[in-house]
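My notebook is open and a new structure is on the screen. I will jot down what I look up, one topic at a time.

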Amino acid sequence: MFRNNYDNDSVTFSPQGRIFQVEYALEAIKQGSAAVGLVSKTHAVLVALKRNAEELGSYQKKIIGIDSHLGIALAGLAPDARVLSNFMRSQSMSSRLLYNRPIPVSRVVNAIADKAQVNTQHYGRRPYGVGLLVAGVDETGPHLWEFQPSGMVLEYRGTAIGARSQSARTYLERNFESFENASKEELVLHGLKALRDSLAQDKELTTLNVSLAVVGIGKNFKLYDGDEVAEWLEKLGDTTSSRGGGARPSAADAPAGGAPVTTGDTEAGAMDTSE
C-alpha cells in the first residue's frame with residue numbers, strides 16, 4: 001500500500017506535486033456505501049444506501065440532521081462524519097444565538113472545508129476519511145454541496161459518492177434537466193432510481209438498507225428511515241438492481257497501490273464484494 005516515503009504524513013508533497021494521504025482519504029470514501037443528492041427549485045433530497053457489517057448487526061446510520069433546514073449524507077469513515085457533524089451543529093447554533101437566523105448553507109460548508117484543509121497543513125494530523133453531501137435551504141433557496149477531505153467543496157444539481165457511485169452519477173447526468181422543476185415526489189423517485197443503479201448484482205432496495213431525507217422551502221429537514229421508506233419504495237416499483245453479469249469494482253474504485261483498504265471502520269472498512 002505504501003508507495004514511498006512521501007505518504008508518511010499529509011504535509012509533504014511528492015515530486016509530482018501530490019499529497020498521498022489526501023488521496024488515501026478519497027479512497028476511503030469509495031469504500032463506503034453510496035449516497036445520492038439532488039436539488040430542485042423548491043426541494044433538496046438525500047438518499048443513501050445503508051450497510052451492515054454482518055447479519056446480526058444493525059445498519060450504519062447514513063444521514064444526519066444538522067438543523068431544521070440542513071442535513072448531511074456520508075460515505076466513508078462514520079466516526080469522522082460524527083466529528084464534522086458536531087462541528088456543523090455548533091456553527092448552526094452559534095448563528096441562531098448571535099444573529100437569530102439559520103446559518104446559510106454555503107457558510108457552514110465553507111467552515112468544514114477550512115477545518116479539513118487545516119489537516120493538510122499541520123504535521124501529525126490526517127485528512128478526514130469521509131465525504132459528505134450537504135443539503136439545505138436558506139434565503140437563496142435549496143442547495144446541495146459536496147465536501148471532500150482535501151477541503152474542496154462544490155455545489156451540484158445532483159451528485160453521488162461512495163461505492164459504485166459512477167452508475168448513479170450517470171443516471172443523474174442523463175436526467176438532471178428535469179430536476180429543476182420537479183416536485184418533491186418526483187425528486188425523491190429520481191434519487192431512488194439513481195441509488196438503485198449503484199446496487200450490486202442481485203441486490204435490491206429495502207426498508208432496512210435505504211434512508212432518505214427531504215428539505216424544502218418552508219419545510220423542515222425530515223428524515224425517512226425504516227418503515228417510513230416503504231411508501232417511497234412502493235412508488236418506485238422495481239427495487240432490484242439492473243446490473244447483470246456480476247458487479248465488479250472498476251479500476252477507479254480500487255484503492256491506491258492496488259491493496260484493499262482495511263481501516264476497521266463500521267461504515268467503510270474493507271470492500272464488501274457481496275453487497
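**Entry 1: a charged patch.** I began at the surface, where Asp227, Glu228, Glu231 and Glu234 gather in a patch of negative charge. I noted the rule for patches: residues have over 30% relative accessible area and no salt bridge, with like charges joined within 9 Å and nonpolar side chains (Val, Leu, Ile, Met, Phe, Trp, Tyr) within 5 Å. Glu228 sits in the loop between strand 10 (219-224) and helix 6 (230-236); helices (H or I, at least four residues) and strands (E, at least two) are DSSP runs, numbered from the N terminus. Glu228 counts as partly exposed because its relative accessibility is 37%. Here buried means under 20% relative accessible area, exposed over 50%, and partly exposed in between (1.4 Å probe, protein chains only).

**Entry 2: ground rules.** I wrote down that this is a predicted model, where local features need pLDDT of at least 70 and side-chain atom pairs count only at pLDDT 80 or more, while totals for chains, interfaces and linings use all residues. Residues are numbered from 1 along each chain as its sequence is written, and side-chain values use heavy atoms, with hydrogens and water left out.

**Entry 3: a nonpolar patch.** Next I found Leu97, Leu98 and Tyr99 forming a nonpolar patch on the surface, with about 420 Å² of accessible area together. Such areas come from the Shrake-Rupley method with a 1.4 Å probe, and for residues only the protein chains shown count as cover. Tyr99 belongs to helix 2 (residues 78-99), and at 54% relative accessibility Tyr99 is exposed.

**Entry 4: positive phi.** Which residues other than glycine have a positive phi? I noted Asn100, with phi near 55 degrees, and Asp202, at about 70 degrees. Asn100 lies in the loop between helix 2 and helix 3 and is exposed at 69%. Asp202 lies in the loop between helix 5 and strand 9 and is exposed too, at 67%.

**Entry 5: the core.** I turned to the largest nonpolar core, which has 27 residues; Val36, Leu192, Leu195, Leu205 and Leu212 touch the most other members. A nonpolar core is a set of buried Ala, Val, Leu, Ile, Met, Phe, Trp, Tyr and Cys residues joined through side-chain atoms within 4.5 Å. Helix 5 gives the most to this core, with 5 residues. I recalled that in soluble globular proteins nonpolar side chains tend to be buried together.

**Entry 6: salt bridges.** How many salt bridges does a search of the whole structure find? I got 5, each being a side-chain nitrogen of Lys or Arg within 4 Å of a carboxyl oxygen of Asp or Glu. In one of them, Glu23 pairs with Arg18, the closest N and O atoms being 2.8 Å apart. Glu27 and Lys30 also meet (3.8 Å, N to O); they are 3 residues apart in helix 1 (residues 20-31), so about one helical turn separates them. Asp225 and Lys50 make another salt bridge (2.8 Å, N to O). Asp225 is in the loop between strand 10 and helix 6 and Lys50 in the loop between strand 2 and strand 3 (63-67), so this pair ties together parts 175 residues apart in sequence. Lys50 is buried at 10%, whereas Asp225 is partly exposed at 29%.

How values were computed:
Lys and Arg count as positive and Asp and Glu as negative; His and the chain ends are not counted. The place of a charge is taken as NZ of Lys, CZ of Arg, CG of Asp or CD of Glu.
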